[in-house]
Amino acid sequence: MLKSHLLGIMFSLMLMGCDAQNPVAAMADSPKPTTARASIAISMKDDGIYFSDKKVRLGGTLESWKAAISAPSRCTNAKVGAVLCIWDSLGLEVGTEDKQKTVEFVNLFISLPDDFTDPHTVHYSGLPPQAPFAGKLTFDGIVINKYTGFDEIRPKLNRNRYVHCGTLDCSTPQGKFSDEVLLFFHLKGTRKTDAIESIGFSLIDHSAK
């Protein structure tokens, strides 16, 4: 059900297969990681994600995302299959499906996990951004930063997103961003009052029906 978890694991295995000693070698043809802050505002509203007012969507091409973001990124080798691109200055990772190179999942880090080896963070790619997003971030018009608790935004989100906590805890609230895209929040803890660590999006696989 948590599709973004499985996709992250898939990329980790793919990269390890490219170079078991140094998975970063899979990104050797990409620019050197940079954490220089890019002056880009990100907003998530209606059915789109906007980078400084340039709209992109899951299901669109990776090239359209790169054009909208206009910041340095590092990517896995497109010849291997599915592609993972990371924008270190934005705390952003974007992954494609295998054949058409269309964007299938997105993770935006508002803060970085304390320990990337923790099972709670296994859905991340294994090559996470070097820094979290530090610019202006809004979701349905609500300003979010690394201190924002999930309970602060939940009542203000679009009701059609149906965002809810899990049955056992509230570490990974989820809902629907649109009819085509699932929405995931990852919190710093298990309570709804905990701060939001990252926001994820994943295309719904209609072929699984």
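Predicted model: local features only at pLDDT ≥ 70, side-chain atom pairs only at ≥ 80, totals over all residues.
**Entry 1: strand β5**

I began with β5 and found both of its faces covered: Leu-84 and Ile-86 on one side, Cys-85 and Trp-87 on the other, are all buried. Buried here means under 20% relative accessible area, exposed means over 50%, and partly exposed falls in between, with a 1.4 Å probe and protein chains only. I took strands from DSSP runs (E, at least two residues; helices are H or I, at least four), numbered from the N terminus.

Residues are numbered from 1 along each chain as its sequence is written, and side-chain values use heavy atoms, with hydrogens and water left out.

**Entry 2: neighbours of β5**

Next I looked up the pairing, where two strands pair if DSSP finds at least two bridges between them. β4 and β5 run antiparallel and are joined by two bridges. β5 and strand β6 (residues 92–96) are also antiparallel, with four bridges. Within that pairing, Leu-84 has Gly-95 in β6 as its bridge partner. I also checked the hairpin of β5 and β6: four residues sit between the strands, and Gly-91 takes a positive phi near 65°.

**Entry 3: the disulfides**

How many disulfides does the structure hold? I found two, taking a disulfide as a pair of cysteine sulfur atoms within 2.5 Å. Counting bonded cysteines along the chain, the pattern is 1-2, 3-4.

Cys-75 lies in strand β4 (residues 74–75) and Cys-85 in strand β5 (residues 84–87), so the pair ties together parts that are 10 residues apart in sequence.

Is Cys-165 buried or partly exposed? Cys-165 counts as partly exposed because its relative accessibility is 29%, while Cys-170, at 4%, counts as buried.

**Entry 4: the open sheet**

I then traced an open sheet of five strands in the order β3-β2-β1-β8-β9, with mixed pairing. β3 and β9 (142–144) stand at the edges with a single partner strand each, so one side of each is left without a neighbour in the sheet. The twist averages 25° from one strand to the next, using lines fitted to C-alpha atoms as axes (for helices, over the stretch in contact) and angles from 0 to 180 degrees between N-to-C directions. Strand β1 (residues 42–45) pairs with β2 in the antiparallel sense over four bridges, and Ser-43 has Tyr-50 as its bridge partner in β2.

**Entry 5: the largest pocket**

Last, I looked up the largest pocket, which holds about 150 Å³ of space. A pocket is an open set of points on a 1 Å grid over the protein atoms alone, where a 1.4 Å probe fits, with protein on both sides within 12 Å along at least five of seven lines; lining residues have an atom within 4 Å of a point. The volume is the space filled by probe spheres set on the points, which are joined across faces, edges and corners.

Of the 13 lining residues, Asp-47, Arg-57, Leu-58, Ser-178 and Val-181 are the closest to the centre of the largest pocket. β2 (48–51) and β3 (54–56) each supply at least two residues of the lining.
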